[in-house]
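Dear colleague,

Please find the structure below, together with its sequence. A summary of the findings follows it.

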Amino acid sequence: MFSKFTSILQHAVEALAPSLPLQEDFVYHWKAITHYYIETSDDKAPVTDTNIPSHLEQMLDILVQEENERESGETGPCMEYLLHHKILETLYTLGKADCPPGMKQQVLVFYTKLLGRIRQPLLPHINVHRPVQKLIRLCGEVLATPTENEEIQFLCIVCAKLKQDPYLVNFFLENKLKSLASKGTPDGTSEDLLKGQGALSTDTGQSSQPEELSGATGMEQTELENEPSHPMDSLSTSLNNLHVTSLPEATVVRPNQDYNLVNSLLNLTRSPDGRIAVKACEGLMLLVSLPEPAAAKCLTQSTCLCELLTDRLASLYRALPQSVDPLDIETVEAINWGLDSYSHKEDASAFPGKRALISFLSWFDYCDQLIKEAQKTAAVALAKAVHERFFIGVMEPQLMQTSEIGILTSTALLHRIVRQVTSDVLLQEMVFFILGEQRGPETLAEISRHPLRHRLIEHCDHISDEISIMTLRMFEHLLQKPNEHILYNLVLRNLEERNYTEYKPLCPEDKDVVENGLIAGAVDLEEDPLFTDIAADSTLSNQEWLSSSPPATPDHPKTDGKTEVHKIVNSFLCLVPDEAKSSYHVEGTGYDTYLRDAHRQVSEVTTLLKLNLMRMGTHLHTLSHSFRDYCAICVRWEWPGSPKALDKCNLEAAFFEGHFLKVLFDRMGRILDQPYDVNLQVTSVLSRLSLFPHPHIHEYLLDPYVNLASGCRSLFSVIVRVVGDLMVRIQRIQDFTPKLLLVRKRLLGLEPEGPIVDHITLLEGVIVLEEFCKELAAIAFVKYHASSAP
């Protein structure tokens, strides 16, 4: 109480006394602090009961005022005094001793404000960056301490200064230089850093020799000033007599303390205070983005950053329940690592394991964003660590297990992180994890060369429909990622030589079926207003378009693009027999009005396509936009604009469509015997593949007229076989058409659920088949108009 009264009285005296020159005032306040340690006999009283906080604040104000009164970049006498007399070193010693109690907090605040409020660069001075480095080591030593908030504020201001001038980070790698020198293994990097330090510290008149990490264990004697009148020896004795209590360190291992700023931030990411942890994560993100190669190398090789990221991912993943509803995994709200706050009591849609799931997805999002922001070499190292230590070490065993519940949960989690990843570098490692790095053509005997890829593709045809659907969805989202290796590994490497084709002269029968490139009775779609309106919104520039409608071959002469698109559209729409079509018979869907007004001379084929386009409505526009997006992505991959010339292809090599297409085609071949949801997902993946603007994909999946080599199949040929099987089955089902219409109405919600209809799986399969053929026709139509736009 008496000290507080003294402080008030002192302020009153200072206010009435004539103002002293800034330097004298600055020295006065510093001497007042040093005299406390010389004269006091009670070192147990908290610092807040002394005048020390007030004197430190006054010193800061004087330094700021001095800088404002001088020209930019000019160092004033007060700052010179602070640097020359190593005031920051002394404050560090007092803060480490925490004498009086609470002094560490005051020192952290002083350092933070000094670096934050002074505009001139201070860190290049050895008498600044050396004590700053020492103080950094004190941060994060013990979690949940009263000084955590001040520690993170101090570390963040240092990070901000390094962001302004990334080269300054070299001063925080100085410990590494000593260890390198002691081993007698000089390298170019250390020499460069030493030269840089020498250049930047010449103004202090001090040498910049690196210090041993253990040099901070005792209390350093610090020179305060050279004036003989000052009792320096007394103060030194007082400092040496201070008792420094060694507090237990945080359990995070520090393998090498070359980059203490990173290690301290890593410790604070484990703080029980969420705000502190988020601030520490932000500081790490700033440090990994620094462009200095030496810092990036040290960060990944001499700190435990990689280990902490991956170990926490692994522990959070293992903390998840063994079984989580895939729908919960898919629909849990969007995750943002900086906003990982969740209250189970306040959540009306809570489910078992939601807290653990959000924590895992939040940390994965942080790893993804950290790698996305990181300097290139650091990003690669971090992503490889996630690949090796988490994907392979933790996720792969879960994905390879035989328990259906375990497979379903682990695949749903893989699907979620595939959707969530945004970093190109981490995506690349994830793709290599899932698919492997192979790029040569597949053979049936070697499809299990990458075990996880083989297992996941096999799961697309699993006995469990839930596992099949989830795995297919994972692949569908994987195909949407901007990574060339995905499509090449799954499909393109097997179509490279076009050995699914063979030369074949045009038969007379073909000429009867197709005359002048048109099926008899077909009308010119280009003249139809509906097509014109839709096409107007789906145009792309010629540069964005990488493949057109089927190319000319000796057996398949190309007259013009318009003819070709009619052939493709009509071929897919004619596949399903009339008695198996139901969409235009269902009233209340908006098509009946169009049918009543349709001109008699318009062919049924064209009417069906128009109905499909009307039914899809905005879906066709969505197709167009999706195709435009695909083109924008794929243009970076430098795909050819036309198929590889047949005379340069190895047509004699045995053709294998690849494991992925094999499973999809096998599934497509069983569309009449599979559940409705499975059929929807299989056709969705095939539609996604058909949208890609590669000429070989277009030819193989969308050209009904490609001459297939012996023993080969294409998407069209698979559908033809399904239709042949359907024609036989229709004859065996009584009242087939009424039942088909009833099922369609139920699927559309136009009829209430009632008694189970016989052959329900077959009828639903027929409906999906009809819509899928329309979808393929619409894709061909969209791709044609995009390619033919001027």
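**Surroundings of Gln674**

Leaving aside neighbours within four places in sequence, Gln674 is in contact with Arg667, Asn679 and Thr761, where contact means heavy atoms within 4.5 Å. Its side chain makes a polar contact of 2.7 Å with the side chain of Asn679 (a pair of N or O atoms within 3.5 Å; within protein, one must be able to donate a hydrogen and the other to accept it, and residues adjacent in sequence count only if both atoms are side-chain atoms). Gln674 lies in the loop between helix 30 (659-669) and helix 31 (676-690); helices are DSSP runs of H or I with at least four residues, numbered from the N terminus. Gln674 counts as buried because its relative accessibility is 3%, the limit being under 20% relative accessible area with a 1.4 Å probe, protein chains only.

**Basis of the model**

This is a predicted model, in which local features need pLDDT of at least 70 and side-chain atom pairs count only at pLDDT 80 or more, while totals for chains, interfaces and linings use all residues. Residues are numbered from 1 along each chain as its sequence is written, and side-chain values use heavy atoms, with hydrogens and water left out.

The mean pLDDT (the predictor's confidence in each residue, from 0 to 100) of the protein chain is 79, and 72% of its residues reach 70 or more. Over residues 510-563 the pLDDT is below 50.

**Helix 12**

Helix 12 (residues 260-268) is mostly covered, with nine of its nine residues buried; among them are Asn260, Leu261 and Val262.

Yours sincerely

How values were computed:
Buried means under 20% relative accessible area, exposed over 50%, partly exposed in between (1.4 Å probe, protein chains only). Helices (H or I, at least four residues) and strands (E, at least two) are DSSP runs, numbered from the N terminus.
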